[in-house]
Amino acid sequence: MLPSPQVTSEADVKSAVALAKEKFGRLDIAVNCAGIAVAVKTYNFKKEIAHSLEDFQRVINVNIAGTFNVIRLAVAEMGRNEPDADGQRGVVVNTASVAAYDGQ
């Protein structure tokens with residue numbers, strides 16, 4: 001396994017996909033579970049400070065761009081698979097957190 005692969009890194013994801021293909025002969029599934037959050041108010045009136053834009057951008061980069069990065073590179077490899085009996089070449093599973101329902 002790769003040491004601490006980052007979903008936002010094209011090189012890391014390409015390496016992970018290559019490692020899976022090398023170990024199993026093909027890539028049939030990609031599961032996106034990476035996600036981060038920063039539990040901070042949009043604006044803290046007591047401290048008179050706004051939520052950090054840098055923190056927000058990091059969350060968006062991991063949760064959205066990182067998910068897309070894994071999808072695009074995994075699907076590129078899955079597209080090389082021979083279709084199964086149902087015509088499928090692989091599957092991508094994207095997860096999300098229940099924290100969204102808590103207003104986080």
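Predicted model: local features only at pLDDT ≥ 70, side-chain atom pairs only at ≥ 80, totals over all residues.
**View 1. An aromatic pair, Tyr43 with Phe45.** The structure holds one aromatic pair. The ring centres of Tyr43 and Phe45 sit 4.6 Å apart, and their planes meet at 65 degrees, so the arrangement is edge-to-face. Phe45 is exposed, at 67% relative accessible area, while Tyr43 is partly exposed, at 35%.

**View 2. Asn69, a buried residue of helix α2.** Helix α2 covers residues 53–78 and includes Asn69. With a relative accessibility of 6%, Asn69 is buried. Its side chain makes a polar contact of 2.9 Å with the side chain of Arg72. Beyond its neighbours within four places in sequence, Asn69 touches Val7, Thr8, Ser9, Glu10 and Val13.

View 3. Lys14 joins Glu10 and Arg72 in a network of salt bridges.

**View 4. Two further salt bridges, Arg26–Asp28 and Asp55–Arg58.** The whole structure has six salt bridges, as found by a search. Arg26 and Asp28 meet at 2.7 Å, N to O; Arg26 is partly exposed at 31%, as is Asp28 at 37%. For Arg58 and Asp55 the N to O distance is 3.7 Å. These two residues lie three apart in helix α2, so about one helical turn separates Arg58 from Asp55.

Definitions and conventions: Residues numbered from 1 in each chain as written. Heavy atoms only, no water. Phe/Tyr/Trp six-rings, centres within 6.5 Å; stacked < 30°, edge-to-face > 60°. Buried < 20%, exposed > 50% of the residue type's maximum accessible area, 1.4 Å probe, protein only. Helix = DSSP H or I, 4+ residues; strand = E, 2+ residues; numbered from the N terminus. Polar contact = N/O pair within 3.5 Å; in protein donor to acceptor, adjacent residues only side chain to side chain. Contact = heavy atoms within 4.5 Å. Salt bridge = Lys/Arg side-chain N within 4 Å of Asp/Glu carboxyl O.
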